[in-house]
Amino acid sequence: MMNLVIVTSSYPYGTQEAFLEEEIKVLENYFDTIHIYTFAELGQQRTRYVPRNAHIYMVKSDKFEVLRKLRAIFSVFSLSCFKEYFFTRKNYKYTNVKSAIAIMSNYYKYAEQNLAPMLEKVDCTETVFYSYWFSHQAYALACYKKKHPSAFCISRAHGFDNFINRKTSYFKRETIEKFNIIYPISNCGKNEILEKIVNYVQTTNCKIRTSHLGVKNSDILNPQGNSNSLNLVSCSNIVLIKRLDILINALSTTNSSIKINWLHFGSGILEKEIKSMADEKLKDKKNISYNFMGQTDHEDIIKYYQNNHVDLFVNCSDSEGIPVSIMEAMSAGIPCVARDVGGNSELVDDGINGFLLSEDGNSSDYAEVFNLLFRMDKKRVETIRQAARKKVESKFMSPNVYKEFAEDIIKNFEKHKKVINKIVNL
């Protein structure tokens with residue numbers, strides 16, 4: 001009997017973690033029972049696939065919530081939190097005290113107080129404990145493993161939960177000390193953990209292994225268009241780090257002889273500001289049309305790629321893990337332009353299957369790409385589009401990448417059990 005406990009942010013509820021859906025369809029074939037512990041807000045609608053052998057548990061609860069908040073606030077004044085604050089301040093330059101208090105108290109409230117006690121009902125000897133995020137969910141499993149050293153704990157690491165410059169990397173050392181494997185989704189993320197976190201861990205047997213995300217294998221191919229206009233698509237939360245301001249500024253300076261249609265999928269806390277900026281910067285650009293589509297279901301985006309020609313997918317982020325949104329566009333034969341941050345270079349080969357700008361690429365660089373692509377020979381454009389699709393097919397296709405991930409978990413879990421059994425029998 002082999003079980004999987006998977007801890008998610010909201011899956012299978014809401015609109016986030018769409019990329020987990022294809023993964024869990026593979027994992028269900030490797031485990032007898034799956035227990036999904038989700039931090040979803042109460043009242044959210046279930047929107048994602050749930051395996052036939054899965055059970056769902058809501059971590060958040062209204063019961064004793066006020067008491068938990070008070071305990072979490074007081075926990076920030078503990079010795080461990082003081083040590084973590086001064087460590088991150090010295091080594092990672094985290095100087096925002098208010099942010100540190102909010103994040104660390106959140107770790108304690110939802111991790112140590114809510115989730116860890118729920119896991120006491122699980123038989124840890126025949127269970128893989130898997131946090132989908134290398135953040136407070138993983139820390140909760142680390143808290144659990146303090147009491148149950150024989151537990152086998154793993155975590156993925158994406159973007160905000162991986163890179164130090166995202167300023168959320170608290171209690172990473174304690175987590176690595178306890179965990180068996182961390183799976184960054186990019187080689188860049190792996191190097192970040194090895195160079196900036198593991199070096200500060202005194203003793204650990206934790207392995208750090210890259211395991212890419214993947215997109216569903218499909219026959220969707222973006223249809224051919226015409227050379228009279230340039231159709232751009234972007235897809236992201238509308239937050240500061242996604243830098244939609246760079247895209248808007250690029251459009252405002254693009255040659256007026258080029259007709260450009262821009263569509264953005266996604267919403268976020270800066271939506272009002274970004275829309276106002278677009279209205280202001282592009283109001284006199286008669287050659288530019290744009291539309292903010294808001295939060296859009298994943299399947300509807302894929303259908304859009306299937307039915308509407310897109311010349312270029314645009315990503316302007318300051319930081320990334322390795323974007324599934326880029327993978328999905330490329331899998332449909334749509335090239336991408338992005339900055340060389342995070343794992344983008346593992347997807348985009350400059351001039352071959354898309355355009356990779358420098359890490360500090362600006363609006364002028366993006367405008368130059370738009371002008372270049374518009375005037376590019378049709379045969380070369382088609383070659384780039386085919387190369388984009390082939391790159392994803394060869395390295396980022398589900399179910400292949402998820403089968404490799406599942407088999408690596410099982411192999412290491414079996415090794416772990418043999419070691420534990422030897423210790424028990426001594």
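**Overall fold and aromatic pairs of a predicted model**

At 0% relative accessibility, Tyr132 is a buried residue. The rings of Tyr130 and Tyr132 form an edge-to-face aromatic pair. An angle over 60 degrees counts as edge-to-face. Ring pairs join Tyr130 and Tyr132 to Phe19, Trp133, Phe160, Tyr183 and Phe405 in a cluster.

Across the whole structure, the search finds 21 aromatic pairs. One of them links Tyr92 and Tyr94. This pair is tilted, with 5.7 Å between centres and 55 degrees between planes. Tyr92 has 8% relative accessibility, so it counts as buried. Tyr94 is buried too, at 2%.

The protein chain contains 14 helices and 15 strands. Its radius of gyration is 23 Å, close to the 22 Å from the globule rule for 426 residues, so the chain is as compact as a globular protein of that length. Along the principal axes, the C-alpha atoms fill a box of roughly 75 × 45 × 40 Å. Of the 426 residues, 56% are buried. Contacts between residues at least 6 apart in sequence were also examined; 75% of them join residues at least 24 apart.

The accessible surface of the chain is about 19500 Å². Carbon and sulfur atoms account for 51% of that surface. The chain carries 56 positive and 48 negative side chains. The centres of these two sets lie 4 Å apart.

Technical notes:
Residues numbered from 1 in each chain as written. Predicted model: local features only at pLDDT ≥ 70, side-chain atom pairs only at ≥ 80, totals over all residues. Heavy atoms only, no water. Helix = DSSP H or I, 4+ residues; strand = E, 2+ residues; numbered from the N terminus. Rg over C-alpha atoms; globule rule 2.2 N^0.38 Å. Buried < 20%, exposed > 50% of the residue type's maximum accessible area, 1.4 Å probe, protein only. Contact = heavy atoms within 4.5 Å. Areas by Shrake-Rupley, 256 points an atom, 1.4 Å probe, with all protein chains shown as cover. Lys, Arg positive; Asp, Glu negative; His and termini not counted. Charge placed at Lys NZ, Arg CZ, Asp CG, Glu CD. Phe/Tyr/Trp six-rings, centres within 6.5 Å; stacked < 30°, edge-to-face > 60°.
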